[in-house]
Amino acid sequence: MNYKKFFSDELVSLKSQGLYRKFRAINRNKNSFPKATERFEGKEREVEVWCSNDYLNLSQHPEVTKTSVDVITELGTGSGGTRNISGTSTYHVDLENLLADLHRKDASLLFPSAYTANQSTLWTLCKNLEGIEVFSDELNHASLIQGIKNADAVCHVFRHNDTEHLEELLNTANANTPKLIVFESLYSMEGLRSPLQKIVELAKEYNALTYLDEVHSVGLYGPEGRGITAEKGLEDQIDIINGTLSKSFGQMGGYVAANSDIIDYIRSFAPGFIFTSSMNPSIAAASITSINIAKYSEDLRENIRNNSDLIRKGLSELQIPFLENDSHIIPIHLYDPVLCKKAANLLIEKHGVYIQPVFYPTVPKGDERFRVTITPRHDAKDIHNFLNALEDVWKEMDLRRAEKGIEEKSAVSRIY
């Protein structure tokens, strides 16, 4: 086999489909955000960021950064090993206790990322619960899908948020086999919430475990930012909750929270936990500070809700197609990878607006989009300028419009 030709041909094919990705280097200076310095193809300029997952700007909070620096000064930059071999500090232990309390669970377990937490935990459960059948929402994140696939478990994919279809599939399973329902509280590319209450009811009726990804919810919803599960009063009815430290809390890493036996089982059997170095103690310490600040930051959450509504109102008036939802995530549809990248380039070149084009494999082909997220440091003037920039690009490129007052709605399956 000509290996060089294989890789070269694959990249040529990717580029011909408009699916090749170029990364822009963005330095988010904490004194000027949402303004940032962008370096791309050897040139630097100021841009405004509209696609950050640092939802509450806590990565730049002075108390959080001070904690991180203090612990680096105290302990250094690395953890020293895996959790089993010298890589567990008091900061790791205290953070796990705090996360367990945040979700009203017995215990939690830290991973280097939420992706690893999902993939490794689901692999461990599905590989070891003999005969398990998994029921997975069609729009689940790649990390959830990969964990299930790696375990080679029987997987039934139900239509997005369609509990009637979920029940049909549950009815097909042997009553005596273990079952696991895998879903998200808030879907990252659509900003759509799941019907938590009904899924919990079905799980009880069919004796299924529930595995819920709260990555884009924790920090932003519910009392003290404890997530949509807490908002709905269902914390004690979800078996395993996955969350992240890298979005609302502005740090790095992921975790799962559950009863003590489940967490101890994952800790004891999950290769993705056992054989990887632990997060730096400074990150664990900064996460503790960040979570404690987030608990009492309802003003920040309210700011995001109000500004998200303001953006949606502006998009509707401009007839720019977007997915209507009740969240901080605003998907703007372009439906074509080439147009999506061209519009993104025009926004940054002409208006200094940085928003990353989203296309396959993050979303299915034909469902290309911008994914807008606003932070507490964006103000009304920023929103006004952003909407004007979008309108100018839509006019210049003669992009598809939505009917007045009608928002686009779509749900297309991920890759299983």
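Biologist: What makes a residue count as touching Asp-213, and which residues does Asp-213 touch?

Modeller: Contact means heavy atoms within 4.5 Å. Leaving out residues up to four places away in sequence, Asp-213 touches Asn-118, Leu-144, Phe-183, Glu-184, Ser-185 and Asn-242. This is a predicted model, in which local features need pLDDT of at least 70 and side-chain atom pairs count only at pLDDT 80 or more, while totals for chains, interfaces and linings use all residues. Residues are numbered from 1 along each chain as its sequence is written, and side-chain values use heavy atoms, with hydrogens and water left out.

Biologist: Why is Asp-213 called buried?

Modeller: Buried means under 20% relative accessible area, exposed means over 50%, and partly exposed is in between (1.4 Å probe, protein chains only). Asp-213 has 3%, which is under 20%, so Asp-213 is buried.

Biologist: Where is Asp-213 placed, and what makes that element a strand?

Modeller: Asp-213 is in strand E8 (residues 209-213). Strands (E, at least two residues) and helices (H or I, at least four) are DSSP runs, numbered from the N terminus.

Biologist: How do you know that E8 pairs with E9?

Modeller: Two strands pair if DSSP finds at least two bridges between them. E8 and E9 are joined by 3 bridges, so they pair, and they run parallel. Leu-212 has Ile-241 as its bridge partner in E9. On to the next strand: 4 bridges join E9 to strand E10 (residues 254-258), and these two run antiparallel. There, Gly-243 stands opposite Tyr-255.

Biologist: What makes strand E9 (residues 240-244) mostly covered?

Modeller: In E9, 5 of its 5 residues are buried. In a regular strand the side chains alternate between the two faces of the sheet. Here Ile-240, Asn-242 and Thr-244 are on one side, Ile-241 and Gly-243 are on the other, and all are buried.

Biologist: What makes Phe-6 and Phe-7 an aromatic pair, and of which kind?

Modeller: Rings of Phe, Tyr and Trp (its six-membered ring) pair if their centres lie within 6.5 Å; planes under 30 degrees apart count as stacked, over 60 as edge-to-face and the rest as tilted. The structure holds 4 aromatic pairs. For Phe-6 and Phe-7 the centres are 5.1 Å apart and the planes stand at 75°, so the pair is edge-to-face.

Biologist: Why do Phe-6 and Phe-7 get the accessibility labels that they get?

Modeller: Phe-6 has 36%, in between the two cut-offs, so Phe-6 is partly exposed. Phe-7 has 51%, which is over 50%, so Phe-7 is exposed. Another pair is Phe-111 with Phe-273, edge-to-face, at 5.8 Å centre to centre and 70° between the planes. Phe-111 lies in strand E4 (residues 107-111) and Phe-273 in helix H10 (residues 271-274), so this pair ties together parts that are 162 residues apart in sequence. Both Phe-111 and Phe-273 are buried.

Biologist: How do you know that the charged end of Arg-28 sits over the ring of Phe-33?

Modeller: The rule is that NZ of Lys or CZ of Arg is within 6 Å of the ring centre and within 35 degrees of the ring normal. The charged end of Arg-28 sits over the ring of Phe-33, 5.3 Å from its centre. Lys-365 lies over the face of Tyr-360, at 4.8 Å from the ring centre.

Biologist: Why is Ser-327 given its accessibility label?

Modeller: Its relative accessible area is 6%, under 20%, so Ser-327 is buried.
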